[in-house]
Amino acid sequence: MNICPCQKQQDNPVEYQHCCKPFHDRLAGSTQKAISPKQLMRSRYSAYVLGLDNYLQRTWHSSTCPHSLSAQPDDQWLKLEVLADSASQVRFKAFFKDQDGFHCLEETSDFVIENNHLVYLSGVTQMHTITLNRNDVCLCGSGKKFKKCCQ
């Protein structure tokens, strides 16, 4: 099963081909586009993980989009949690691991319509280091306790 990056460590995860791939394929001629900020945010998270900079630029508001973007596939991203969503915002946590341990990027993202398409406008982010206790389930997704996994 090829689980979608936005579905990792979720209950009843969805395969990539049935989740974010149709949005990513839109650049190749598919007609499916995100109709809610939550859908667009999930597809953009997956695009970051997969290194799809073309998709990221096409779904970014022209006034805030960087002129160049060089996204690379990145397996450090472990889990996405959507905390809240509305007609114009999504608040989420994205967990990742680097050489210094586990971290959480928390963001409230703003979305608007531009040229008849929903796009990402901007976000307010906070970074947190995650401290796990020995008996906590490890964030890497192994299902093992932290003390027997990534400690």
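Buried means under 20% relative accessible area, exposed over 50% and partly exposed in between, with a 1.4 Å probe and protein chains only. The model shown is predicted: local features need pLDDT of at least 70, side-chain atom pairs count only at pLDDT 80 or more, and totals for chains, interfaces and linings use all residues. Residues are numbered from 1 along each chain as its sequence is written, and side-chain values use heavy atoms, with hydrogens and water left out.

View 1. Helices (H or I, at least four residues) and strands (E, at least two) are DSSP runs, numbered from the N terminus. Phe95 is buried, its relative accessible area being 8%. Contacts are heavy atoms within 4.5 Å. Leaving aside residues up to four places away in sequence, Phe95 touches Gln76, Trp77, Leu78, Lys79, Glu81, His103, Cys104, Ile130 and Leu139. The C-alpha atoms of Phe95 and Lys79 are 5.2 Å apart, although 16 residues separate the two along the chain.

**View 2. Pairing of strands β1 and β2.** Two strands pair if DSSP finds at least two bridges between them. Strand β1 (residues 77-85) runs antiparallel to β2, with seven bridges. Leu80 has Ala94 of β2 as its bridge partner. Three residues lie between β1 and β2 in this hairpin.

**View 3. Pairing of strands β2 and β3.** The two strands are antiparallel and share 10 bridges. Ala94 stands opposite Leu105 of β3. β2 and β3 form a hairpin, with two residues between them.

**View 4. Salt bridge between Arg91 and Glu106.** A salt bridge is a side-chain nitrogen of Lys or Arg within 4 Å of a carboxyl oxygen of Asp or Glu. By this rule there are three salt bridges. In the Arg91 and Glu106 pair, the closest N and O atoms are 3.1 Å apart. Arg91 lies in strand β2 (residues 89-98) and Glu106 in strand β3 (residues 101-114), so the pair ties together parts 15 residues apart in sequence. Arg91 is partly exposed at 35% relative accessibility, whereas Glu106 is buried at 13%.

**View 5. Salt bridge between Lys79 and Glu81.** The closest N and O atoms of this pair are 3.4 Å apart. Lys79 is buried, with a relative accessible area of 19%, while Glu81 is partly exposed at 26%.

**View 6. Salt bridge between Asp25 and Lys21.** The side chains meet at 2.8 Å, N to O. Asp25 is partly exposed, with a relative accessible area of 30%, and Lys21 is partly exposed at 31%.
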